[in-house]
Amino acid sequence: MHDVVLAGEVNVDIHRYGDPKDLAQGAADFVLARGSAAQADGGVFSVALSGGSTPEATYRAMAERAVGTGLDWGRVRVFWGDERCVPPEDPASNYRMARLALLDQVPVPEGQVFRMSCEGDPERGARAYEATLRQQFGVASPPSFDLILLGLGTDGHTASLFPDSAALDSHGRWVLPNYVEKMGAWRMTLSLEVLNAAAAVAFLVQGEEKARVLHSLLDRGEQSQSFPAARVRPRGGELHWFIDAAAGRDLVGG
Ligand code: 6PG
């Protein structure tokens, strides 16, 4: 079941699932279908993966469905929405999680997987990733991903755009280093300008600990600075929320 509401220039599609397993399978089918659609005219599917724990089951479900979906993995380019500034073999690495859950199981050419690398110098890493985006997309304005997957923190953060962090107010940059005070750690993140240049964005949100923040965002239309996720309004017009019953517990309409 899902609701579609028009919020300004963005269609908000809420896809509800009973449990995390159904969410992962529904989200996996959605991503694969989006990929095939992006390739329909012979093009490439450019996707930015989310980090955190929620997407792992979706990536595994994608790997299980990798064959027979019509998606040509040879024409997929894989990027990340954000990364922790740790080595690629670190258990905290978003790259490592996606590689183990999905990328090691599907035939995406190595040269089309673009890891965010900020374990040395976050500023230099951010500028290098921005250079990669400029080179890959061949554009002077923020690149438009076919799809960006995002998670949602209980504080309303998404990617590594945390409440009241400097990265939120940056302009003109596509990729930013961001020191997260409460974690005492550096991260790298796509900027809001890039998130909002996307054709489509899909949030994957599960668990009752997300119920309050989801209610604030979707029912109360929380737009304050303290909710970075509220500022994700993809110009492509498509904003999808994949949620399980626990996360949707406090939503009007249940
Ligand atoms: C990260 C993510 C971050 C994550 C949220 C939700 O690198 O951790 O980009 O934004 O999506 O914190 O994380 P969970 O899915 O683990 O709840």
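The largest pocket has a volume of about 320 Å³. Among the 19 residues lining this pocket, Gly-51, Gly-52, Ser-53, Leu-152 and His-157 are the closest to its centre. This is a predicted model, where local features need pLDDT of at least 70 and side-chain atom pairs count only at pLDDT 80 or more, while totals for chains, interfaces and linings use all residues. Residues are numbered from 1 along each chain as its sequence is written, and side-chain values use heavy atoms, with hydrogens and water left out.

A pocket here is an open set of points on a 1 Å grid over the protein atoms alone, with protein on both sides within 12 Å along at least five of seven lines; a cavity is a set where a 1.4 Å probe fits but cannot get out, and lining residues have an atom within 4 Å of a point. Volumes are the space filled by probe spheres set on the points.

Strand 5 (82-84) and strand 6 (147-150) each give at least two residues to the pocket lining; strands are DSSP runs of at least two residues, numbered from the N terminus.

What takes up the space of the largest pocket? The ligand does; a molecule counts as sitting there if more than half of its atoms lie within 2 Å of the grid points. Around the ligand are 15 residues, of which Ser-53, Asp-82, His-157, Ala-159 and Lys-210 come nearest, each residue counted by a heavy atom within 4 Å.

Taken alone, the ligand exposes 410 Å², and the protein buries 88% of that (Shrake-Rupley areas with a 1.4 Å probe).

Now for the cavity. The search of the whole structure finds 1 cavity of 30 Å³ or more, and about 60 Å³ of space lies in the largest cavity. Its lining includes Val-31, Phe-45, Trp-73 and Leu-102. Strand 3 (45-49) supplies the largest share of that lining, 3 residues.

Note on methods:
Helix = DSSP H or I, 4+ residues; strand = E, 2+ residues; numbered from the N terminus.
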